[in-house]
Amino acid sequence: MATPLEKWVEEQAKLTKPDEIYWCDGSEEEARRIVEKGIKQEKVGEHHIFHELNHKTWPNSYWHRSHPTDVARAEHLTYVCYPDKDTAGPTNNWMDPKEAKALLTRLSDGCMRGRTMYVLPYMMGHPDSPYAKACVQLTDVSYVAVSMRIMTRVDKSVLEKIGARDDFVRGLHSVGDLDPDKRFIMHFPDEHLVWSIGSGYGGNALLGKKCFSLRIASRLGLQEGWLAEHMVILGIEDPRGNITYVTVAMPSACGKTNLAMLESSLPGYKVWTIGDDIAWLNIGSDGRLYAINPETGLFGVAPGTSMKTNPNMLRALKAGKFYPTLFTNTALDVAANEPWWEGLNDSNSKNLLDWEGKPWDKSKGAKAAHPNSRFTVSIYNSPALSKEFDNPKGVPISAIILGGRRTHLIPLITEAFNWQHGVFLGARNSSETTAAAVHQVGVVRRDPMAMLPFCGYHMGDYFRHWLNIGKRLAHPPKIFSVNWFRVDDEGEFIWPGFGENIRVLKWIVDRVNNRVGAKETPLGLIPELNDLDLQGLNIDKEKFEKLFEIKPSQWQEELQEMGSFLNQFGKRLPLEIQQEYKKLEGQLK
Ligand code: OXD
Ligand code: MN
């Protein structure tokens, strides 16, 4: 008799009508075969899916160009589907599940004709972890199949794990005809199902990532008592050899990957990477919060990544240990047959193809690499990978750091007074938008816990869930807010950022270990001048004060915007958050 999985695959094949169905085993040999097919046969529009790069300088690397209309997450086409709209809340697009399925069924009828349906069994999380989830994605694109091998644990043993069970996570993906008008990324949290059509871009197509591990997992977390968060996980080793584990939430393209792989500028300090995008946080039997990274790969923004800004990333990209490494929508240096992007090096190569495959003409002012061009590389290629990465239990978290990109108002670092105040810092988090999603770049948007595009249910309930988790923790992490992006009167960044961010992490480590005091302000606790290690930096007392300046007159507009954002959650906004808002408003009068 057919298992629920076999039955499900058969039903999807009946609808999508692929020429063949191929069950992936996750091996390297298989990935090489799929890449080969993408080089020689399969196409996106007019060009082949993969182009082999110079393996002497960039081992096991391939260049991929997506369809030019398909280069970022499509938040306006992303829906969560519950029978009632209220469960989705005011910050999500909502569709009734029946209506959504009728629409998707119509669009998916025959969408895989002439193509192969890849069946990908994979785990999010280490297979021995009690927090891991068994999943299966179907896709008709080799680029997606190979990317999933990098980003998740694709392995045929997952099929045994699923066996006759019906509770595996399902993902159905097809690029369809890439028509933006027929593009939808639909989530059915009650059925653990993601159905995505019309896009091959990572965040829309690698369904284990944002779709399952954040949108659906956040809903599962609410039901099961844990948190699925848009967070980096890292270990900070101090000169005593002690490692303090922290998580950091930041909106897309604010430097999470750089932070996760930071090369410390302070002697004796070292950062160990566990994750650069997603953290699943569970309460351990000792009353501490434990984090696992459900992914195994890094899907980072290429422009700006260099030996100067993120040397560990460059080393990972050139390691070539785990097959393969992909570059998507970067430029191509034709003579060297190497990937290229703005900020990579000072090469004055005239011979570039831009991300659309056209000869690049610098004088026209356009970027050669798309601002959201990406690399996809195994985390096992990272020289700074934590030895705890594969620990099924995860790592105990001492601090949660929340951040955004704000050129004004928000101090370099503030510590919350307590868990409730920390949840408020998260709720009022905001950032200037970037190219990671399709929208206007550079406008301030509220982005609570950096989860605005990823929280799969009503955000008022999400804040309540955070408050409840805090009550259940005997030893809650301290919560901090950071902002590397504050500018001076000339519009120049005051803080040097990148490797120097270790100085802020050091203060956090000192705080959680009760080694230093702090100064109270209306926004929270900030460092005393002498407690933030500024040695060797060009930051005097005046600049330091600028990094922490709070001018009540400048905060009035911010308070108003924050208030109207929070008000949209109506009765579901927890009283505690309202109280924190009132307190802040009172103090900034
Ligand atoms: C990502 C994103 O790709 O947040 O991680 O957009
Ligand atoms: Mn992200």
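**Close-up views of a predicted model**

Histidine 230 is buried, at a relative accessible area of 0%. Buried here means under 20% relative accessible area, exposed means over 50%, and partly exposed is anything in between, worked out with a 1.4 Å probe on protein chains only. A quick word on the model before the views: it is predicted, so local features need pLDDT of at least 70 and side-chain atom pairs count only at pLDDT 80 or more, while totals for chains, interfaces and linings use all residues. Residues are numbered from 1 along each chain as its sequence is written, chains are lettered from A and ligands numbered from 1 in the order in which they are written, and side-chain values use heavy atoms, with hydrogens and water left out.

**View 1. The manganese ion (ligand 2) and its donors.** Lys210 (NZ), His230 (NE2) and Asp277 (OD) coordinate the manganese ion (ligand 2) at 2.1 to 2.2 Å. Donors are N, O and S atoms within 2.8 Å of the metal (3.2 Å for Na, K and Ca), and water is not among the atoms, so sites may look incomplete. Along the sequence, the donor residues of this ion follow the spacing K-x19-H-x46-D. Histidine 230 sits in the loop between β14 (227-229) and β15 (231-237), and aspartate 277 in the loop between β17 (270-275) and β18 (279-283), so the pair ties together parts that are 47 residues apart in sequence. Helices (H or I, at least four residues) and strands (E, at least two) are DSSP runs, numbered from the N terminus. Aspartate 277 is buried too, with a relative accessible area of 8%.

**View 2. Serine 196 in strand β13.** Strand β13 covers residues 193-197, and serine 196 is part of it. With 1% relative accessibility, serine 196 counts as buried. What does serine 196 touch, leaving out residues up to four places away in sequence? The list is Leu172, His173, Ser174, Phe184, Ile185, Asn204 and Leu207, where contact means heavy atoms within 4.5 Å.

**View 3. Helix α11 against helix α12.** Helix α11 (residues 419-427) packs on helix α12 (residues 459-472) at an angle of about 155°, and their axes are 10 Å apart. That makes α11 roughly antiparallel to α12. For reference, axes are lines fitted to C-alpha atoms, for helices over the stretch in contact, with angles from 0 to 180 degrees between N-to-C directions. Angles under 35 degrees count as roughly parallel, over 145 as roughly antiparallel, 65 to 115 as roughly perpendicular, and the rest as oblique. α11 brings Trp419, Gln420, Val423 and Ala427 to the contact, and α12 brings Phe463, Trp466, Leu467, Ile469 and Gly470. Sorted by class, that contact of α11 with α12 has 7 nonpolar, 2 polar and no charged residues. Ala, Val, Leu, Ile, Met, Phe, Trp, Tyr, Cys and Pro count as nonpolar, Asp, Glu, Lys and Arg as charged, and the others, Gly among them, as polar.

**View 4. α12 again, now with helix α16.** Helix α16 (residues 575-587) and α12 pack at an angle of about 95°, with axes 9 Å apart. The two helices, α12 and α16, are therefore roughly perpendicular to each other. Phe463, Arg464, Leu467 and Lys471 of α12 meet Leu575, Glu576 and Ile577 of α16. By class, the α12 contact with α16 has 4 nonpolar, no polar and 3 charged residues.

**View 5. Threonine 296 and its surroundings.** Look for threonine 296 in the loop between β19 (289-292) and β20 (297-301). At 3% relative accessibility, threonine 296 counts as buried. Threonine 296 and isoleucine 379 are 83 residues apart along the chain, yet 5.5 Å separates their C-alpha atoms. Residues up to four places away in sequence aside, threonine 296 touches Ile150, Met151, Thr152, Arg153, Ser378, Ile379, Tyr380 and Phe389.

View 6. The peptide bond from tyrosine 323 to proline 324 is cis, with omega near -15°. Proline 324 is in the loop between α10 (311-317) and β21 (325-328). Lysine 17 is not a glycine, but has a positive phi of about 55°. You'll find lysine 17 in the loop between α1 (4-16) and β1 (20-23), where it counts as partly exposed at 30% relative accessibility. Histidine 192 likewise has a positive phi, near 55°, in a residue other than glycine. Its loop runs between β12 (184-188) and β13, and at 22% relative accessibility histidine 192 counts as partly exposed.
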